[in-house]
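I opened a new page for this chain.

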Amino acid sequence: MTSVIRAAAGRVPPRARRWVRRVVDPVLAPIGSVNGARTDDPVLGLTFDDGPDPISTPVVLEALARHRARATFFVLADRAEEHPQAVRAVVAAGHEIGLHGPDHRRLPSVPDPESWLADGVRRLEAVAGVPVRRFRPPFGSQTLGTYRAARRSGLQVVVWAADVADWIDDPAAMVRLGLERARPGAVMLLHDAYAPDPAAPEPGPVLDRAGVLDALLPGWIERGYSLESVEGLLRGRRPSTTAWFRP
Ligand SMILES: [Zn+2]
C-alpha cells in the first residue's frame with residue numbers, strides 16, 4: 001500500500017496528491033503520522049528542528065518570548081550533550097522537547113532504528129530532565145519499518161502540515177510562505193539551527209532568525225492564531241494524521 005502511494009506521489013500534481021491523501025488518510029490512520037490537530041480553532045503548532053545551537057537557539061527563544069509563543073524543539077541528542085545549557089533553557093522557558101535523533105542520519109539508512117531511537121531518547125532525557133514522547137524523523141524520511149520502530153519505542157511521530165522553508169536564503173519569501181501556508185491546527189516546520197545531511201554535507205545558509213521570527217510571529221498573531229507547542233496544540237484536540245512515507 002505504501003509503495004503504491006509513493007509511486008503515485010511521484011507522478012501526480014500536488015492538488016491531486018492532496019485529494020488522494022484526503023481519501024487514503026482515514027483508511028491508513030492506524031499508521032498515520034501527526035501533522036496537526038483536527039480543529040477550526042486558529043491555532044498553530046510551532047516546531048523547530050536541528051538544534052540545539054549555542055548561538056541560534058537562544059536567539060529563537062528570545063523571539064518566542066517577545067511574542068509569547070510556545071513551540072516544540074526537535075533536538076539532536078549529540079548536540080544536546082554538547083550544549084546542555086541550550087536544552088535546559090528551552091525547557092525552562094516552557095517549551096516542549098522532542099527527539100530528532102541521536103544524529104541527523106536518515107532513519108531508513110540506520111541499521112537498527114529501534115536501538116538508535118532508544119539511545120536518542122535516553123541521552124536526550126538525561127540532558128533535558130523531562131520525558132521525551134515525540135519524534136520528528138530527520139528530513140521527514142520514513143518507511144513503514146521505521147514508523148513501527150518509533151511506535152514500538154513509545155514515540156509519537158510528528159511530521160508537518162506546512163514548511164516555512166526557513167532554509168532558503170530569502171527572509172521575505174520565508175515570511176510570505178509562513179503566512180500563506182498557515183491553516184487552523186497545522187504543525188509548522190521551522191529550524192533553530194542547521195544540521196547537514198551526513199550522507200551529503202553542505203554548508204548551511206546564514207539566516208537572520210530573529211528578523212524572520214519578528215515578522216512571522218506577529219503576522220500569525222495578527223491573523224488571530226495562537227502559537228503553541230505540539231503538546232499544547234493537541235491538548236483537548238484530536239490529532240490529524242497522514243500516511244507519510246518518503247525516502
Ligand atoms: Zn533536521
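How many helices and strands does the protein chain have? I counted ten helices and ten strands, where helices (H or I, at least four residues) and strands (E, at least two) are DSSP runs numbered from the N terminus. The radius of gyration, taken over C-alpha atoms, is 17 Å, close to the 18 Å that the globule rule gives for 247 residues, so the chain is as compact as a globular protein of that length. That rule is 2.2 Å times the number of residues to the power 0.38.

I noted the basis next. This is a predicted model, in which local features need pLDDT of at least 70, side-chain atom pairs count only at pLDDT 80 or more, and totals for chains, interfaces and linings use all residues. Residues are numbered from 1 along each chain as its sequence is written.

I checked the confidence. The mean pLDDT (the predictor's confidence in each residue, from 0 to 100) is 91 for the protein chain, and 93% of its residues reach 70 or more. Over residues 1-5 the pLDDT is below 50, and this stretch has five contacts in the model beyond near neighbours in sequence. Two residues are in contact if their C-beta atoms, placed from the backbone, lie within 7 Å.

I then looked up proline 201, which sits in the loop between strand E8 (187-191) and helix H9 (209-222). Is proline 201 buried or exposed? Proline 201 counts as exposed because it has 10 C-beta neighbours inside 10 Å; the cut-offs are 20 or more for buried, 12 or fewer for exposed, and partly exposed in between. In the whole chain, 43% of the 247 residues count as buried.
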